[in-house]
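Here is a short briefing on one protein chain. Keep the sequence and the 3D view open as you read.

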Amino acid sequence: MNPSTVSPSPDAAASGDSFTLGTLGERVADKLLQRIRGDGLAPGTRLPSEHSMALHFGVSRTVVREAIALLKADGLLTTRKGSGAFICDRGVPHAATGDPLTEQSVQSLLNLTEVRRGLESETAALAAVRRTPAQLADIEHALRRIEEAVAAGVDGVEEDVQFHLRIAEATGNPYWVKFVEMFAQQIRLAIKVTRANEARRMDFANQVREEHEKIVSAIAAGEPELARIAAGDHMLGVAERVRLADREFWRGKGGALARDLVRDFGQ
């Protein structure tokens, strides 16, 4: 096999086997993972194009993108603009290895981000259909407050927390708000880590701003599915940026902040 590419071969989609669990994207991700492990593909191996995989699995390119995003969130794939998706090692970022407490802390951060993906996706979708004009104005104001904080040289952590809380309030269901408040301190500590990482790279900072804007735009347009996707993509982006943080970050401020999450909550 050419080490730079993966050539599709007949699988369950062609043999008549069917997936039984999860969304279509999750099922494709699971099948793709089986191929990666079954073929013993090495880190750095490039996957086929989205078009090729869509034909191979008999699904749309949107489903393929979802599958790739899920495997990226698990640290199994990385993407390079204009080049495609590549296999990477599973687990915490290599930059965090060598210090067991930091490794545990980063994994705890990724675990929390995984939980937040479900929470943020659902609250954004509900907010898109239930928000009042006043609540939409509050969400838009909260987004502006993040940008104002960044422009003033502040980390924007509290403003970020309030942004997500305003979205939860716009669901009109007080239990969603209580759920967010229940994990508010963990979320606050996690955001301290992620925003510190994002502040070190302009591309990361731009990604966060664009992700937030997409969530607000979908809520403003009353599009629940777009809001759900935008919020889920934001959490996938958070996880990806954590995995891309360099060794210097984890050895310094990032590691110290991440360890606070484990020390305070033991997870």
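Start at Glu-213, which sits in helix α10 (residues 202-220). Keep in mind that this is a predicted model. From that helix, the briefing moves on to a pair of crossing helices and then to the nonpolar cores.

- Is Glu-213 buried, partly exposed or exposed? Its relative accessibility is 37%, so Glu-213 counts as partly exposed. That class lies between the cut-offs of 20% and 50%.
- Glu-213 and Ala-230 are 17 residues apart along the chain. Their C-alpha atoms are separated by 9.1 Å.
- Glu-211 is also placed in helix α10.
- Glu-211 has a relative accessibility of 15%, so it counts as buried. The cut-off for buried is under 20%.
- Which residues does Glu-211 contact, leaving aside neighbours within four places in sequence? They are Asp-233, His-234, Gly-237 and Arg-241.

**Where α7 crosses α9**

- Helix α7 covers residues 157-169, and helix α9 covers residues 184-198.
- Their axes come within 9 Å and cross at roughly 125 degrees.
- How are the two helices oriented?
- The crossing of α7 past α9 is right-handed.
- On the α7 side, the contact involves Val-157, Glu-158, Asp-160 and Val-161. On the α9 side, it involves Arg-188, Ile-191, Lys-192 and Arg-195.
- By type, the residues of this contact are 3 nonpolar, no polar and 5 charged.

**The nonpolar cores**

- In soluble globular proteins, nonpolar side chains tend to be buried together.
- Here, the largest nonpolar core has 21 residues.
- Which members touch the most other members? They are Leu-32, Leu-47, Met-53, Leu-71 and Leu-77.
- The largest share, 6 residues, comes from α4.
- Take Leu-71 as an example. Not counting residues up to four places away in sequence, Leu-71 touches Ala-29, Leu-32, Leu-33, Leu-76 and Leu-77.

Conventions: Residues numbered from 1 in each chain as written. Predicted model: local features only at pLDDT ≥ 70, side-chain atom pairs only at ≥ 80, totals over all residues. Heavy atoms only, no water. Core = buried A, V, L, I, M, F, W, Y, C linked by side-chain atoms within 4.5 Å. Buried < 20%, exposed > 50% of the residue type's maximum accessible area, 1.4 Å probe, protein only. Helix = DSSP H or I, 4+ residues; strand = E, 2+ residues; numbered from the N terminus. Contact = heavy atoms within 4.5 Å. Axes fitted to C-alpha atoms, helices over the stretch in contact; angles between N-to-C directions. Left-handed = near helix turned anticlockwise from the far one by under 90°. Nonpolar A, V, L, I, M, F, W, Y, C, P; charged D, E, K, R; others polar.
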